[in-house]
Amino acid sequence: MPTTLLRNISHLASFDQHERELSDTDLLVVDNRVAAIGPRLDAPADAEVIDATGWLVLPGMTNAHQHLYQVGLRAIPRLERAPILPWLRGLNETCLDYWHAGALDPECVGALAAAGMVESLLCGVTCVADQHYFFPGEGRSLPFIEATIAAAHDVGIRLNAGRGTITFGRAQGGSASDELTQPLDEVLRHANELIDDHHDTAADALIRIDLAPCGVHVDLPELFREFAALAGERDGVRLHTHLYEVVDTGFARERYDTTPWRILEANGWATDRAWLAHMNDPPEHEIAEFAAAGVGIAHLIAPDLKMGWGLAPLRAYLDAGCRVGFGTTGAASNDGANQLADLRLAGLTHRQAHADPEQWPTARELLRMATKGSAQIVGRPETGHLDVGALADLACWDFTTIDRVGVHDPLAGLLYTGISDRATLVMVGGRMVVRDGRCTTVDERALAARANALIRRRAT
């Protein structure tokens, strides 16, 4: 890995334990880690020196909840206004037949995942937590997750590959289409295989495997129990699911006479190895329990608004001491993967929830969630902050452009100004994966053309 010195950074926010913000400073990367931060550092003889005058430098963000295969299912006309379950069922009438015709085969899913990963890199995301739960019909045995993992290696982004599931179809009393359900024994076999073949426990691992059921309304309680036991046996394997995304709240009450959290709690998920996406409408008294258990919460503002679910109680989570990260999710409820744009949306929308401006989330709180917070809940503690010894996952934005004229606070300016959210430079483990606003690992235009061609070729 080359040695790189970022010289004369105009503003650096560390999001480390000291919450430092430094001006006119340098940052030295040796191999895959931050070797030094400070003014006028000596440049090693083999270092590439990059002038960072006018730049804002942050830790790379982690997208704590995504469905990369859904990059190929964006902006479907007949489903524009569909809530989540009608969207999933609506694929039967619009796109699901592509699966049966072989449209979204592993080759196509790999290309779509790569496109979503590059989109993520370009807005400063250096790690994506993906949840792939869609194995319909004859696709139940196809290596979709393996194709996504291969794409992450090609793109050079960190990936938490979640082995998602739907094990509870309508014939059993669940809310998923029966043809989407997966046998429990096959799920467990494949999960173990993924861990054996791809899970890396090293601190600087590119690939981790997580166990990620879709939700209590479409998955059997025994699956949650089996996954909790498996995660307890395998080093570094974490647990992830949707919870309190409104659709599961009523279902859990009607079928189990309890709340979604109680189902998870009863099956071994009250642990800091677990993190939960959405978390829109929990009973207020459970919030302290989330904090005490150490479970992570991935806040997903854009999909929650698109589905009409209202605002998750973000301020209550933060005040209770919950571990909170940030994500975008996929096209079932959010057609984009621009995490910066969603952070902007969160900053503005949560102002509507509180009459007292002191309760409004600040730019620093939101960026802390998207960097350090997300990294912690997905089990990547050596990322999400910039200090000596941390992995060199970082993102830089140029504030000398016309659209950032007059910005006095660059962190607030990053969220609330700009006609583009493209990062100028991004590193993953010291490797430059974005430079001059372009991805260096793959050809963006060629990848976009290939992914679109794969969809069109099989859908016609």
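Me: Before anything else, what counts as a disulfide here?
Reply: A disulfide is a pair of cysteine sulfur atoms within 2.5 Å, and please keep in mind that this is a predicted model.

Me: OK, and how many disulfides does that give?
Reply: Under that rule the count comes to 0 disulfides.

Me: Is Cys 127 buried or exposed?
Reply: Cys 127 is buried, since its relative accessible area is 2%, and Cys 322 is buried as well, with a relative accessible area of 9%.

Me: Switching to strands, which residues sit on the two faces of β15?
Reply: In β15, which spans residues 425–428, Leu 425 and Met 427 lie on one side while Val 426 and Val 428 lie on the other, and as all four are buried, both faces of the strand are covered.

Me: Which strands are joined to β15, then?
Reply: Strand β14, residues 394–398, is joined to β15 by 3 bridges and runs antiparallel to it, with Ala 395 having Val 426 as its bridge partner. Strand β16, residues 431–435, is joined to β15 by 4 bridges, again in an antiparallel arrangement, and here Leu 425 stands opposite Arg 435.

Me: What about the hairpin of β15 and β16, how many residues are between the strands?
Reply: There are 2 residues between the strands, and Gly 429 in this hairpin takes a positive phi near 60°.

Me: New topic: where does Gln 70 lie, and is it buried or exposed?
Reply: Gln 70 belongs to the loop between β6 (61–66) and α1 (84–90), and with a relative accessible area of 1% it is buried.

Me: What is Gln 70 in contact with?
Reply: If its neighbours within four places in sequence are left aside, Gln 70 is in contact with Trp 87, Tyr 133, Gly 330, Ala 331 and Ala 332.

Me: Last one, how do helices α5 and α6 cross?
Reply: The axes of α5 (residues 184–198) and α6 (residues 221–233) come within 11 Å and cross at roughly 20°, which means that α5 is roughly parallel to α6. The crossing is right-handed.

Me: And which residues meet there?
Reply: From α5, the residues include Leu 184, Val 187, Leu 188 and Ile 195, and they meet a set in α6 that includes Leu 223, Phe 227 and Leu 230.

Definitions and conventions
Residues numbered from 1 in each chain as written. Predicted model: local features only at pLDDT ≥ 70, side-chain atom pairs only at ≥ 80, totals over all residues. Heavy atoms only, no water. Buried < 20%, exposed > 50% of the residue type's maximum accessible area, 1.4 Å probe, protein only. Pairing = 2+ DSSP bridges. Contact = heavy atoms within 4.5 Å. Axes fitted to C-alpha atoms, helices over the stretch in contact; angles between N-to-C directions. Parallel < 35°, antiparallel > 145°, perpendicular 65-115°, else oblique. Left-handed = near helix turned anticlockwise from the far one by under 90°.
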